[in-house]
Amino acid sequence: MSVTDRGTVEMHVANLPVSTVLQLLSLEGQRNIIASPNVKGTVTANLYGATFEEALDAVLVMNDAGYRRTGNFIYVYTNTELAQLTTAAAKQPITRVFPLNYVSAADAKMYIEPLIGKEGTAAVSSPTASGLTTESTQAGGNSNASQDFIIVTAKPEVLREVERILKEIDVRPRQVLIEATILRAELQSDNNLGIDFTIVGGVDLALMGATSPGIQSVSLGDLPQDRFQLGNAAVSTDFAKNVPTGGITFGIIKDQVAVFLRALEQVTDTTVLANPKILALNKQKGQVIVGRRDGFLTTTVTETQAVQSVEFLETGTQLVFRPFITDDGFVRVELHPEDSVGFVNAQGLPSEQTTEVTTNVIVRDGQTILIGGLFRERTTDARSQVPGLGGIPGVGQLFRSNNDKSVREEVIILLTIHVVKDQDAYSAASREQYEDIERMRVGMRLGLMWHGRDRLAQTYYQKALAALNAGDRDKALWHVKMSLNAAPRLLPAIQLKEKILGQRAWYDDGTSSRMFLYRLIAQEKGYPSPSFDRPAEPGSPPTGGTPGALP
């Protein structure tokens, strides 16, 4: 037996014990071969140009044996022993790390614990901070900022099952888009009628020093002293004052009689339409509020102290929901739409008038839910009169005022629920909405007066772009200077000027602290200095970094 310089084996043996052949292979091939005592048999073979592994396989296969390589050692066993070793290795627990994308590590652990049993273990990554309320002072701190994961130690076949289960449950959750249309209509109708009259006896109105602003009312002055010994009388009413200002006022003044009639009819038709839209994950709470938040103080009194805290009254249009998406094309939704108005009075007490619904419904994907019938009507008939005289048919109208008021309120809520199936289509629709909003913003800007600074700056900037595209750099530079003259902080114009001139405009502020930290970093990292393409001071040493590179 010999091993050539190319590492090939040439062997000629006849009826030689397999242990002897393995020893020769170890010596000639300079390999560490350790054989089991159970490996027995003889070898008869003539090999030419075989590799070491081919020669070893040829020697062992005819004697019902095989080998396993571990590091620099080759262990030779019978096939029965190899099978036993493989089975024993398969029963040894191993550890794997499973990264998680959507399911939490705590939930994943709960799902796989029955599978790994008592023989396996599972460790999870620390939970991250949750909640985005403005009242909370928690900002995450040392909570886990990396991807969630679970570490499982179990037998190989259990790990394979764990991997299969995690792949099935760790999937991207579905989302729903809910569009709410909340219509609140309020109709108020007021009818007011009041008649005032003033009658004096024994004296006329002029002698009483009466005044009448616009012949809408009359005010009597002082009675002359020489009339106190004579018979005088006066009768008056003030029912017209019960009627709010406005409407029609009719007045007659003659000698000793003044009569005024005031009538008013008010009709107020108010319609409030809200159309919030919100995208939410499956089984996750979604909430949108379009309204106002009024703060008020609350006091908690204990035996030792009184503690005041600030709470908020939220009014306006609110929509709170939680969707549950099914696989049969339906969505179960917990809903709470609300439309309210309220205020906090001078004493700090809140008051709220609200219309709200809390319900749990099932609707097909894409269909609309109608919540109606929220109707309320209030009619008020108020009358003020002189006792007895106001109840006389016909002439009783002169001694009373009437105020009829009718208020009708109705709320209609429409909810359209759509399961988002194509994220790209939704992104495209969002992009179109963004473009529409941008068009509205541009339209509002174009509606400004042409000689305003903003309009002038934009006009000259657009002319500068057109000139630069036409290859006229001098004209473009003139227009961009005019733009910056109107609006010196117009960033696109500043950048265009730098592009045309090939240099930056800089201005030293004379402070030593503003760039202190940057100078320290620049010295350590070798950034170009001075920054912002300022010219270096005469005699200053060269700095590292790429010449001309921006920080």
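Two strands are taken as paired if DSSP finds at least two bridges between them. The model described here is predicted. By the pairing criterion, an open sheet of 3 strands is found with the order E3-E6-E5. Pairing in this sheet is mixed. Strand E3 (32–35) and strand E5 (65–70) form the edges, and each pairs on one side only. From one strand to the next, the twist averages 25°.

The contact between E5 and strand E6 (residues 73–78) is antiparallel. It comprises 6 bridges. Within this part of the sheet, glycine 66 stands opposite tyrosine 77 of E6. A helix covers the sheet as well. Helix H2 (residues 52–61) lies across E3, E5 and E6. The direction of H2 makes about 140° with that of E5.

A further open sheet of 3 strands has the order E7-E9-E8. Its pairing is antiparallel. Strand E7 (94–99) and strand E8 (121–124) stand at the edges. Each has a single partner strand, so one side of each lacks a neighbour in the sheet. Neighbouring strands are turned by 15° against each other on average, with direction ignored.

In this sheet, E8 is joined to strand E9 (residues 149–154) by 4 bridges. The two strands run antiparallel. Alanine 123 has isoleucine 151 in E9 as its bridge partner. Helix H5 (residues 156–169) packs on the sheet and touches E7 and E9. The direction of H5 makes about 10° with that of E7. Helix H4 (residues 105–116) lies across E8 and E9. H4 runs at about 15° to E9.

Backbone torsions were also examined. Asparagine 15 has a phi near 50°, a positive value in a residue other than glycine. Asparagine 15 is placed in strand E2 (residues 9–17). Its relative accessibility is 59%. The cut-off for exposed is over 50%, so asparagine 15 counts as exposed. Lysine 283 likewise has a positive phi, near 70°, and is a residue other than glycine. Lysine 283 is found in the loop between strand E14 (277–281) and strand E15 (286–301).

Notes
Residues numbered from 1 in each chain as written. Predicted model: local features only at pLDDT ≥ 70, side-chain atom pairs only at ≥ 80, totals over all residues. Heavy atoms only, no water. Axes fitted to C-alpha atoms, helices over the stretch in contact; angles between N-to-C directions. Contact = heavy atoms within 4.5 Å. Buried < 20%, exposed > 50% of the residue type's maximum accessible area, 1.4 Å probe, protein only.
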